[in-house]
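Subject: Structure handover

Hello,

Here is the structure for you to open. Please keep it on screen while you read the notes below.

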Amino acid sequence: MEDYEYQDHEDVNDSYYDPMEDYGVCDKATVRSFRRVFLPIIYSLALVVGLAGNTLVVLVYASRLRQRTLTDVCIVNLAVSDLLLLLTLPFWAADAVYGWELGLTACKLASFLYSTNFSCGMLMLACISVDRYRAVAHNTTGRAGSGPRVRRQRILVCAALWALACLLGIPELIFSTLKPSHHRTACISVYPHSMARAAKAALELLEVTFRFLAPFITMLVCYSLVGRALSQAARVQRIRKWRALRVLLAVVAVFLLTQLPYNVVKLCRTMDLMYMLVTDCEVSKAWDHALQVTESLALIHACVNPLLYAFIGSSFRSRVLKAAKHLGEKLSRRPRPGGNEPEVAIALSTNTNHQIQSESSEEQETSNFTM
């Protein structure tokens, strides 16, 4: 990377380096201090909550995946991408406090994984909305076709989304490098002199388009059509209809609240990259703080995804209850000291089975629109 010139910089994982500061124009010690405290706390919370929720989703959905819908397959891929994204957070938390000490290869790989899985999660959300609209439009649960051809189509769809996400992560793989700054080494994206400002801005706009605009427009259109179809459905009870509409509203609202602020900041930074709009030190520091806070807010979506796309749905609840039933049956077969524990296990299994039956009947009537 010795051919690179450290002229301009824009990186989603590290915002304390800035050319204004590098040339002695603006001291951003307060930005670095805020970053050392804020990011490790937020990343630690996101890691704990996100790992628990997404791991449970993978364990529950991955079993008998061939019999699932495209939505179920996308939910598994969404959980996997969220897990891979979350697993990079300890490295960025350590980077915020101590600087990057793992070498150039780890820097490029962590940046690539972060960018790729961030993009993949957004693309999977868009795919889920399209499949839910298709299920409602054709009045099917999506399980009507479960043969080898249908399974291959689902695999190809997910593979295409992963490939697109990897393409969006390639710039991080190419331009991420190590930069000495303030008595430590930073893992940042640095562009060469030969790369025009317009090309750098185009990369940022490409990320905003595929990570936010395209998924959001797709979700908004598909879920609006699904909501209209539900409101006109005569066979669906009013309570269940409102419950489904509430889920759709929650999905769109959470996506908008977590992703819109970050992408607005990125667009503003892109405009600054093209036209050098920010010349005041305090304004520059304010944008750095905004980028750190809004990106952390965007990462929260990886923790909320299991709640929105799995836990709310009756299908996921019934699967968790089935797992609890099997566990209760196994416990009931094991000899235990004392005479009451097997009866408790059997009672748990019986109660769980009753709950599963009630959830399954609800799922049959609402499977076209529950998440």
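Start at D131. This is a predicted model. D131 has a relative accessible area of 1%. The cut-off for buried is under 20%, so D131 is buried. Its partner is R132, and the two form a salt bridge. Their closest N and O atoms are 3.1 Å apart. R132 is buried as well, with a relative accessible area of 4%.

By the rule used here, the count comes to 9 salt bridges. Side chains of opposite charge can pair when their charged atoms come close. Here are further examples.

Look at E207 and R211. They form a salt bridge, with the closest N and O atoms 3.6 Å apart. Both residues lie in helix α7, which covers residues 197-232. They are separated by about one helical turn because they sit 4 residues apart in that helix. Both E207 and R211 are buried. The pair also belongs to a network: salt bridges link E204, E207, R211 and K266.

Next, find R269 and D288. Their side chains meet in a salt bridge at 3.3 Å, N to O. This pair links distant parts of the chain. R269 is in helix α8 (residues 238-275), and D288 is in helix α9 (residues 281-299). The two are 19 residues apart. R269 is buried, with a relative accessible area of 11%. D288 counts as buried too, at 1% relative accessibility.

Now the rings. The structure holds 8 aromatic pairs. One of them is F212 with F216: the ring centres are 5.7 Å apart and the planes are at 5°, so the pair is stacked. F212 and F216 both lie in helix α7. They are 4 residues apart, about one turn of the helix. Both are buried.

F212 also pairs with F255. How far apart are the centres of F212 and F255, and what is the angle between the planes? The centres are 5.9 Å apart, with 5° between the planes, and this pair is stacked. F212 lies in helix α7 and F255 in helix α8, so the pair ties together parts that are 43 residues apart in sequence. F212 is buried, at a relative accessible area of 6%. F255 counts as buried, at 0% relative accessibility.

One last stop. W92, W100, Y114, F118 and Y262 form one aromatic cluster. Select those residues together and take a look.

Best wishes

Note on methods
Residues numbered from 1 in each chain as written. Predicted model: local features only at pLDDT ≥ 70, side-chain atom pairs only at ≥ 80, totals over all residues. Heavy atoms only, no water. Salt bridge = Lys/Arg side-chain N within 4 Å of Asp/Glu carboxyl O. Buried < 20%, exposed > 50% of the residue type's maximum accessible area, 1.4 Å probe, protein only. Phe/Tyr/Trp six-rings, centres within 6.5 Å; stacked < 30°, edge-to-face > 60°.
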